Amino acid sequence: MAAREALNNVVKHAGTDEAWLSAYGDGAGGVIVTVVDRGHGFDLRAKSDGLGLMRSVRHRVLEVGGEVRIDSAPGEGTSIEMSWTP
Amino acid sequence: MIEIGVIDDDQMLLQGMAAWIGSTGDIRLAATAASVEEYLGAAHIPKIVILDLNLGNYTDPVRNVAQLVGSGLQVIVASVIPDRAYIAATTEAGAAAYVTKNNNLDTLADVIRAIHDGKTPTTPEHAFWLGRDDRPRRPKLSPREREILVAVGNGTPHKAIARQLGITMSTVQTHLERVRYKYASVGRPIDHAAHYSERVREDNLGRERLPDPPNGNPHPHQ
């Protein structure tokens with residue numbers, strides 16, 4: 001599951017043992033899941049940093065027709081929003 | 001040294017909390033009580049108090065908060081199970097902060113210190129539930145205020161929110177404070193029992209609307 005992959009990523013790379021996992025409906029039958037940590041973060045423009053994360057999470061979400069938004073910056077943690085609409 | 005009190009009827013939690021607070025160095029647990037009356041009746045009443053949202057004596061959480069705030073105290077509401085309607089209603093009643101009991105203790109310490117400094121901190125869990133306040137009479141928030149609540153509620157650090165929205169961290173803080181101000185000034189003081197039951201009716205606290213019966217006729221009493 002994509003959220004697990006995102007959480008794995010926190011454990012492996014974020015340098016923190018804490019993450020916020022939120023899941024809620026969008027009111028129209030869709031689902032939004034966010035995984036946010038306050039760890040290292042990474043530079044979105046530096047390809048090597050986020051590539052593995054992008055690939056592993058994105059693959060799982062796109063497979064079921066969902067969307068992924070990843071936001072991060074050095075020192076500001078990482079936020080992954082996965083959304084799926086019917 | 002910051003003195004705090006705790007109102008909770010869970011002895012294990014009180015003992016655990018006393019041990020942990022002792023380890024912070026700058027915060028001291030100076031009073032504990034199992035009810036609001038017991039707390040207010042004590043000889044020494046710390047100004048910052050952590051209040052269990054659902055005391056075992058079935059007293060009303062909103063009245064408990066109002067009573068403590070009315071006595072000049074700063075109230076941190078704590079709960080195991082988040083109850084959206086009560087979190088919103090206790091915020092309106094003047095609670096300074098909301099924390100979940102499984103929050104890590106460093107977070108609680110930060111909340112206590114912020115309140116001691118005269119701030120009204122909004123924890124991610126607090127923001128999460130206020131951002132999903134769907135009571136008919138909730139305070140009217142701007143789209144930006146709601147956006148920031150949802151982001152804080154997802155656990156996003158203020159710094160990242162500021163960067164995403166192209167605003168400063170202090171503007172993020174200002175929006176949160178404005179949200180809290182709107183809640184605090186809803187202007188629905190609850191000062192006696194009759195008034196309160198009126199509010200419960202208005203907010204439909206703790207009650208979900210029953211689904212319509214299969215024949216499609218709405219319930220006669222709604």
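## Ground rules

Residues are numbered from 1 along each chain as its sequence is written, while chains are lettered from A and ligands numbered from 1 in the order in which they are written. Because the model is predicted, local features need pLDDT of at least 70 and side-chain atom pairs count only at pLDDT 80 or more, whereas totals for chains, interfaces and linings use all residues.

## Two helices of chain B

Let's start with helix H3 (residues 61-70) and helix H4 (residues 84-92) of chain B, which pack at an angle of about 20° with their axes 9 Å apart. Helices here are DSSP runs of H or I with at least four residues, and strands are runs of E with at least two, numbered from the N terminus. Axes are lines fitted to C-alpha atoms, for helices over the stretch in contact, and angles run from 0 to 180 degrees between N-to-C directions. H3(B) and H4(B) are therefore roughly parallel to each other (angles under 35 degrees count as such).

On the H3(B) side, the contact is made by B:Pro61, B:Val62 and B:Val65, and on the H4(B) side by B:Tyr86, B:Ala89 and B:Thr90. Two residues are in contact if their C-beta atoms, placed from the backbone, lie within 7 Å. By class, these contact residues are 5 nonpolar, 1 polar and no charged; Ala, Val, Leu, Ile, Met, Phe, Trp, Tyr, Cys and Pro count as nonpolar, Asp, Glu, Lys and Arg as charged, and the others, Gly among them, as polar.

## Where the chains meet

Contacts link 11 residues of chain B with 11 residues of chain A. On the chain B side, helix H6 (124-130) and helix H8 (158-165) each supply at least two residues, and H8(B) gives the most, with 4. That side of chain B has 4 nonpolar, 5 polar and 2 charged residues.

## Nonpolar cores

The largest nonpolar core has 53 residues, and B:Val49, B:Leu51, B:Val65, B:Val75, B:Ile76 and B:Val77 have the most contacts inside it. A separate core of 13 residues includes A:Val10, A:Val33, A:Val36 and A:Val61. Such a core is a set of buried Ala, Val, Leu, Ile, Met, Phe, Trp, Tyr and Cys residues joined through C-beta atoms within 7 Å.

Leaving aside neighbours within four places in sequence, B:Leu51 has contacts that include B:Ile7, B:Asn64 and B:Leu68.

## A closer look at A:Ala19

A:Ala19 lies in strand S1 (residues 19-25) of chain A. With 21 C-beta neighbours inside 10 Å, A:Ala19 counts as buried (the cut-off is 20 or more other C-beta atoms within 10 Å). Not counting residues up to four places away in sequence, A:Ala19 touches A:Leu7, A:Val10, A:Val35, A:Val36 and A:Asp37.

How values were computed
Angles under 35 degrees count as roughly parallel, over 145 as roughly antiparallel, 65 to 115 as roughly perpendicular and the rest as oblique. A residue is buried if 20 or more other C-beta atoms lie within 10 Å of its own, exposed if 12 or fewer, and partly exposed in between; C-beta atoms are placed from the backbone.
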